Amino acid sequence: MPTDRTPEPPEVPMKDADEQPTWFDKKKNVNLICFVLYGVSALLLLIDPFVHKHGPFAIEHWWGFYGIYGFVGCVFLVLAAKELRKMVMRREDYYDD
Amino acid sequence: MMTDLLATPLLGELSPGLVLILGAVLVPFLPGVLRKVYLLALPLVAFLQLLSLEHGLMGAMPLMGLELTTVRIDRLSLIFGYIFLLAAFLNTIYALHIRDWVQEASALVYAGSAIGAVFAGDLVTLFLFWEGTAISSVFLIWASRTPAAMAAGQRYLIVQIGSGVLLLAGTMVHYGQTGSIAFDSFDYQTTAGLLILLSFGIKCAFPFLHNWLQDAYPEATVTGTVMLSAFTTKLAIYALARGYAGTEVLVPIGAAMTAFPIFYAVIENDLRRVLAYSLNNQLGFMVVGIGIGTDLAIAGAAAHAFCHILYKALLFMSMGAVLLRTGTAKGSELGGLFRTMPWTATFCAVGAASISAFPLFSGFVSKSLIISAALKGEYFVTWMILLFASAGVFHHSGIKIPFFAFFAHDSGMRPKEAPKNMLVAMGITSALCIGIGVLPGLLYSILPYDVTYHSYTVEHVVTQLQLLIFSALAFTVLMRTGLYPPELKSTNLDSDWFWRRPVAKAAWGTLTGVLAGWAALGQRGLSASARIAKGLYSQHGPTGTLARTRPTGSMAIWMAVLLLMFLVTSFF
């Protein structure tokens, strides 16, 4: 039955001093991932005029609408969330007292 | 066909939900391995029972002068029944390492209640199972045995019971006015219809009624949160689809649900809470579908609920494995875990791709039904919001969750890979997410309405990829320019603040104030009130026994136990 006993956190093994870096640890590989992403983005914009869209709204037929809307939407989301943080963020133990 | 093999019903007209609920009684008495086999077998028995039942109304049962219809089998209830049983089975595998009969039994009662509610043919049966889900599921939160979980569980129970009380009130008004307790469609512009809609809306986490979800789910146990994510809110989706299909007001409500939680998801540090916000956002898509109400839209809502249960469970499973192995699910403390938890990271990525609706993953073939329905119905603003929310969900669930847990800055932690049973559960769930995404035909064949829909047209695939890849691009640009807000240890105020702070203070203030006021009259007969006030204050005041974040011995637990006993005994 419920009690207020808090379980012990597990013992977590930590990094060894002689650990080898992985593929993802190398800066040039991270850059590679980003460049692939930029390339794919550009490609998706370039093929946009060749894709026939059937929707009823004019905006959907604008060149690159989905990509541009996705990008602008996400930048807005993050910047607005940062503003939201100013209003709603409190210290972690806010409700504890 | 399986149904031909079982020409006669396996267990009479017993609701498949009751197979699990009654089955739970034996759980505490079974030892070790036998109990595990039993827990795995029960959902299968319930499934066979379900397959052996014909379409139609059955399981008639008299209760207090009313004629209950405990089982209604049709295409809408079947798809929810299938996925609930599948979720119960997968979660049993995920929880095989647990040795705690309270969690094991309450998980069964919880799943059984949700399934019983889905097959309920009348409002009273629905109410009984509705409360059953509330009472049984709170034990999955309390089983964390932390003070925070105790308090969150108590708040959760109050809200869930409140939803049941509204449902009961709505049922009584409806019965009084129409003489019927049938659970069919309602008009929200009547008193009964509004009460029932509010009841469903609480469980469905409508805006401003939502916060119990983000409050309680992340406090449950590793396995409990996976369980919770599947049933309560999707039961509400089913109930809305049954009772309020085509109710226009649900379209803006659903659209708001898709959009506002994602702002919180971006700044939330606890990754299981991030998932709770994105759960809320996914419910929004389904609510929009129900509000639009066309065959395509309702089929889309059901399909999305089906896929959502799987990928959301998968995401909660992966974060649960991280929590189990590291003791935390906070983005600010995690990072770099892909080195020692590669399988968990991979399964998490499958869940992330599915919720983001990447082509070839399950979310793509279900969400596009709803978005197409919005497009066909020419809901312009709603459609724009749904697209924004789709991009946003990739941003915070698709990228943020795997990125901050498994990559990002190296936390230095090198935890063990998740236990084998968890990996098996995540593996099967991942396979289902990909299987549905690649071959949507099977899912489409069990939808409540026949839809001829082709997900994989060049138009759908390219436009969806544009939306998602540019969302990823935005994340990359914001990360690399340092504009992305860092993960910080924090609490973010949400609508629960109103009832955890001013309302709670005002309630105690009023109560003690009124009693103290009487006492202040100085009359001898009223001096007892002062003692009551003092006694209440010592028990309920800020330093009182009952104000401790421990519900043992408090009203709620007894109310829960009594209601549960009432529920179970009422079936005999």
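Helix axes here are lines fitted to C-alpha atoms over the stretch in contact, with angles taken between N-to-C directions from 0 to 180 degrees. The model is predicted.

**Helix 8 against helix 10, chain B**

- Helix 8 (residues 191–203) of chain B packs on helix 10 (residues 222–243) of chain B at an angle of about 150°, and their axes lie 8 Å apart.
- Angles over 145 degrees count as roughly antiparallel. Helix 8 and helix 10 of chain B are therefore roughly antiparallel to each other.
- The crossing of these two chain B helices is left-handed.
- Helix 8 of chain B contributes B:Ile196, B:Phe200 and B:Lys203. Their partners in helix 10 of chain B include B:Leu235, B:Ala236, B:Ala239 and B:Leu240.
- By class, this helix–helix contact has 6 nonpolar, 3 polar and 1 charged residues.

**Chain B against chain A**

- In chain B, 54 residues are in contact with 50 residues of chain A.
- Several chain B elements each supply at least two residues to the side that touches chain A, among them helix 7 (147–178), helix 13 (295–326), helix 16 (380–406) and strand 4 (491–492).
- Helix 19 of chain B gives the largest share of that side, 17 residues.
- The side of chain B that touches chain A has 31 nonpolar, 14 polar and 9 charged residues.

**Strand pairing across the chains**

- Strand 1 (residues 89–90) of chain A is joined to strand 4 of chain B by 2 bridges, and the two strands run antiparallel.
- Here A:Arg90 stands opposite B:Thr491 in strand 4 of chain B.

How values were computed: Residues numbered from 1 in each chain as written. Chains lettered and ligands numbered in written order. Predicted model: local features only at pLDDT ≥ 70, side-chain atom pairs only at ≥ 80, totals over all residues. Helix = DSSP H or I, 4+ residues; strand = E, 2+ residues; numbered from the N terminus. Parallel < 35°, antiparallel > 145°, perpendicular 65-115°, else oblique. Left-handed = near helix turned anticlockwise from the far one by under 90°. Contact = placed C-beta atoms within 7 Å. Nonpolar A, V, L, I, M, F, W, Y, C, P; charged D, E, K, R; others polar. Pairing = 2+ DSSP bridges.
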